[in-house]
Amino acid sequence: MKQTETISYCAAILEGFTYLLEKHPDVFVIGQGLWSPWYVGSTMKDLDIRFGRDRIMDTPVSEDATTAIAAGASLCGYRAIMVHPRVDFMVLAANALVNQIAKWSHMLGGQSHPKVTIRAIVNRGGEQGAQHSQALHSWFAHIPGLRVVMPATALDARDLLIASVLCDDPVLYIDDRWCYEVEEPISAIDVTPLELQGPKVLRKGEDVTLVGSSFSTQLCLKAAGELLSHGISAEVIDLRVLNPIRYEVIRESVKKTGRLCVVDGSWRNCGMAGEIIAGVLESVHPSILLDSPRRITLPEAPAPSSKALEAEYYPSVGHILNEVLPWFRPSKSSEIYSEKGNSHETYL
């Protein structure tokens with residue numbers, strides 16, 4: 001039997017860029033390190049050679065200026081893609097992104113749209129420390145007028161990139177290097193408009209609803225497999241689009257399972273996990289809940305520079321299991337992973 005061909009998350013982003021540059025001459029890419037795989041991995045490999053350096057523009061390190069340039073070009077008829085190799089340093093472009101790009105259409109009564117896509121890359125771990133390890137998606141999902149997407153699967157990495165660039169609204173597209181090796185069977189490009197996209201059920205279940213985005217969704221999928229070995233059926237929902245959030249799929253899942261656990265790769269305070277729980281609880285009657293919702297997030301501290309501390313700091317499959325299993329085995333909760341040592345290391 002012929003083996004199904006697969007595509008990685010990383011290769012899928014490259015395929016998305018290739019599709020856009022081939023079919024849409026108004027698309028160009030700007031940002032630092034675009035000609036260097038050290039900055040953007042293989043996600044933009046040889047695009048400058050294939051499409052020319054007038055469409056793949058490597059720039060000096062000036063996040064605010066280059067983001068403003070992309071915004072200006074998008075107001076002149078182009079579909080600009082601005083690439084920030086680290087979401088941490090995109091904070092330097094917050095003025096252009098929050099005060100200009102997100103507000104432009106509103107302030108001009110919808111007569112002008114900055115059709116710009118901001119690609120920001122999350123690059124954590126590897127003992128890089130507090131200034132190189134952040135995921136700031138909840139910051140920007142707070143801003144009206146700015147769509148925010150975070151793909152978790154290979155095909156979404158490709159298709160949501162295409163949908164973002166072809167959307168007439170400004171979009172923040174965030175990809176995570178921890179997802180780059182995730183693979184999935186190849187299928188045809190899905191050109192569903194971004195405004196019709198929302199959360200998706202990646203795995204059906206009956207006992208508990210697990211919600212994540214980006215790499216956290218991959219943790220949820222792995223945890224669901226482990227939970228099944230304990231006789232627990234977990235439904236996994238990938239948020240995909242963080243602004244605007246559509247709660248319908250999550251709400252219907254929680255009505256079925258009665259339990260909700262949200263996993264997020266950022267901090268708890270004013271974070272995405274708390275927002276999802278609040279949004280669900282506002283739309284369902286408390287009587288349907290069998291247990292109080294749980295959220296798994298980063299500790300309230302900047303990222304450490306120690307490998308040993310990183311193993312504890314970042315959410316893991318072990319964290320999910322240690323939250324969910326006591327719902328079903330409360331008398332044995334203290335024994336869940338004693339035979340496997342540190343569960344955070346075991347399931348990292």
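**Rings, charges and helices**

Biologist: What is the relative accessible area of W139, and which class does W139 fall in?
Modeller: The model is predicted. W139 has a relative accessible area of 48%. Exposed would need over 50% and buried under 20%, so W139 is partly exposed.

Biologist: How many aromatic pairs are there?
Modeller: Two rings pair when their centres lie within 6.5 Å. By this rule the count of aromatic pairs is 6.

Biologist: Which kind of aromatic pair do W139 and F140 form?
Modeller: The ring centres of W139 and F140 are 6.2 Å apart, with 50° between the planes. Stacked needs under 30 degrees and edge-to-face over 60, so the pair of W139 and F140 is tilted.

Biologist: Is F140 buried or exposed?
Modeller: The relative accessible area of F140 is 3%. The limit for burial is under 20%, so F140 is buried.

Biologist: Which kind of pair do the rings of Y313 and Y314 make?
Modeller: The ring centres of Y313 and Y314 are 5.0 Å apart. Their planes stand at 85°, and over 60 degrees counts as edge-to-face. The pair of Y313 and Y314 is therefore edge-to-face.

Biologist: Is Y314 buried or exposed, and at what relative accessibility?
Modeller: Burial means under 20%. Y313, the partner of Y314 in the pair, is buried with a relative accessible area of 6%. Y314 also counts as buried, at a relative accessibility of 2%.

Biologist: How far from the centre of the W35 ring is the charged end of R53?
Modeller: A charge over a ring must be within 6 Å of the ring centre. The charged end of R53 sits over the ring of W35, and its distance from the centre is 3.6 Å.

Biologist: At what angle do the axes of α4 and α5 cross?
Modeller: Helix α4 spans residues 63-74 and helix α5 residues 94-101. D64, T67, A68 and A71 in α4 meet N95, A96 and I101 in α5. By class, this contact has 4 nonpolar, 2 polar and 1 charged residues. The two axes come within 8 Å and cross at roughly 35°.

Biologist: What is the radius of gyration of the protein?
Modeller: The protein has 348 residues, for which a compact globule would have a radius near 20 Å. The protein agrees with this, at 20 Å.

Definitions and conventions. Residues are numbered from 1 along each chain as its sequence is written. This is a predicted model: local features need pLDDT of at least 70, side-chain atom pairs count only at pLDDT 80 or more; totals for chains, interfaces and linings use all residues. Side-chain values use heavy atoms; hydrogens and water are left out. Buried means under 20% relative accessible area, exposed over 50%, partly exposed in between (1.4 Å probe, protein chains only). A charge sits over a ring if NZ of Lys or CZ of Arg is within 6 Å of the ring centre and within 35 degrees of the ring normal. Axes are lines fitted to C-alpha atoms, for helices over the stretch in contact, and angles run from 0 to 180 degrees between N-to-C directions. Helices (H or I, at least four residues) and strands (E, at least two) are DSSP runs, numbered from the N terminus. Contact means heavy atoms within 4.5 Å. Ala, Val, Leu, Ile, Met, Phe, Trp, Tyr, Cys and Pro count as nonpolar, Asp, Glu, Lys and Arg as charged, and the others, Gly among them, as polar. The radius of gyration is taken over C-alpha atoms; the globule rule is 2.2 Å times the number of residues to the power 0.38.
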